[in-house]
Amino acid sequence: EQRKKYSNSNFIMDDESQYYVNHLTTFPLGPGEETQTVEESIKKMKTLDSKGRIWTQEMLLQVNNSAVSLVDIESKDELETYPLDAIKHCDSLLDSWRFNSILILVCKEAHQANPDIHFFQCSEVGADLIKSDINSAITDLKSGGRSERPNALRLNQEKMNEQRTSPPSPPLNRAPKAPANYNSSIVQEAVPLPPPYTATTP
């Protein structure tokens, strides 16, 4: 039922793509924060989950040739937009944990002293496919060309078409949704902010 409800939320059209995701948490990064590596931040997130302190928030993640945007799934209001040159690291975590397909974004905008790390569960389109899309867009932006992303989008479209015709996968045991009074802004996180995660300084 969940898959059917949001299958139309995932699409690729020309240079724009959109994926249904669940935001898990965001930690601030940087010198003086508690966690210093991606691995430590993942451990911290799992600890929070074991205490029932991860609340998922459904949203749409949109990618184009200049930015990644997060959009409210109901109102379609834009929650956040990250220019591609503000994305310092994009990776995926495919794990046997109940959040088994996690997209990881480390973003640092010009006005920020330290970056943030964002975690998204990707149950409809795999985190590895979304990672490929974003990283190919970043590569093309840096090179000034269009050599990577068209191929990444083509492969993602093929995978998405296969998923639409394959039998539904078992439903994911989801974390509870945020309470009704939850502020949907990404800056005001669903989780009472855990001790922040910090990236290693170059």
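1. The model is a predicted one, in which local features need pLDDT of at least 70 and side-chain atom pairs count only at pLDDT 80 or more, while totals for chains, interfaces and linings use all residues. Residues are numbered from 1 along each chain as its sequence is written, and side-chain values use heavy atoms, with hydrogens and water left out.

2. Overall architecture. The chain has four helices and eight strands, in the order α-β-β-α-β-β-β-β-β-β-α-α from the N terminus. Of contacts between residues at least 6 apart in sequence, 66% join residues at least 24 apart.

3. Burial and surface. Of the 202 residues, 46% count as buried; buried means under 20% relative accessible area, exposed over 50%, and partly exposed in between, with a 1.4 Å probe and protein chains only. The accessible surface comes to about 10,200 Å², and 50% of it belongs to carbon and sulfur atoms. Areas were computed by the Shrake-Rupley method with a 1.4 Å probe; for residues, only the protein chains shown count as cover.

4. The largest nonpolar core. A nonpolar core is here a set of buried Ala, Val, Leu, Ile, Met, Phe, Trp, Tyr and Cys residues joined through side-chain atoms within 4.5 Å. The largest has 27 residues, of which Tyr-19, Leu-61, Ile-87, Leu-103, Leu-105, Ile-130 and Ile-134 touch the most other members. At least two residues each come from strands E2 (16-28), E3 (57-63), E4 (67-72), E5 (78-83), E6 (87-93) and E7 (102-107), and from helices H3 (127-143) and H4 (149-165). H3 gives the largest share of this core, six residues. Another core lies apart from it, with 16 residues that include Leu-24, Leu-29, Val-38 and Phe-99.

5. Helix H2. This helix covers residues 38-50, and its 13 residues reach 19 Å from first C-alpha to last, close to the 18 Å expected at 1.5 Å a residue; the expected span is 1.5 Å times one less than the number of residues. Its buried residues are Val-38, Ser-41, Ile-42, Lys-44, Met-45, Leu-48 and Asp-49. Seen down the axis of H2, they fall within an arc of 160°, so they line one face of the helix; the arc is that of the directions from the helix axis to the C-beta atoms. Their cover includes E2, E6, E7 and strand E8 (116-121). The face turned away from the buried side carries exposed Glu-39, Lys-43 and Ser-50. Just after H2, Gly-52 takes a positive phi of about 70°.

6. Ile-42 within H2. Ile-42 is found in helix H2 and is buried, with a relative accessible area of 12%. Neighbours within four places in sequence aside, Ile-42 is in contact with Leu-93, Ile-104 and Phe-119. Ile-42 and Ile-104 are 62 residues apart in sequence, yet 9.7 Å apart in space, C-alpha to C-alpha.

7. Helix H4. The 17 residues of H4 should span 24 Å at 1.5 Å a residue, and the 25 Å between its end C-alpha atoms agrees with this. Buried in H4 are Arg-149, Ala-152, Leu-153, Asn-156 and Met-160. These residues cover an arc of only 95° around the axis, which puts them on the same side of H4. Strand E1 (11-13), E2, E3 and H3 are included in what covers them.

8. Ala-67. This residue lies in strand E4 and counts as buried at 9% relative accessibility. Leaving aside neighbours within four places in sequence, Ala-67 is in contact with Gln-62, Thr-81, Tyr-82, Pro-83 and Leu-84. The C-alpha atoms of Ala-67 and Ala-137, 70 residues apart along the chain, are separated by 8.7 Å.

9. Cysteines. The structure holds zero disulfides, a disulfide being a pair of cysteine sulfur atoms within 2.5 Å. For Cys-90, the closest cysteine sulfur is in Cys-107 at 8.6 Å, too far for a bond. Cys-122 is in no disulfide either, and the nearest cysteine sulfur, that of Cys-90, is 9.4 Å away. Cys-90 counts as buried at 7% relative accessibility, and Cys-122 is buried with a relative accessible area of 2%.

Key. Contact means heavy atoms within 4.5 Å.
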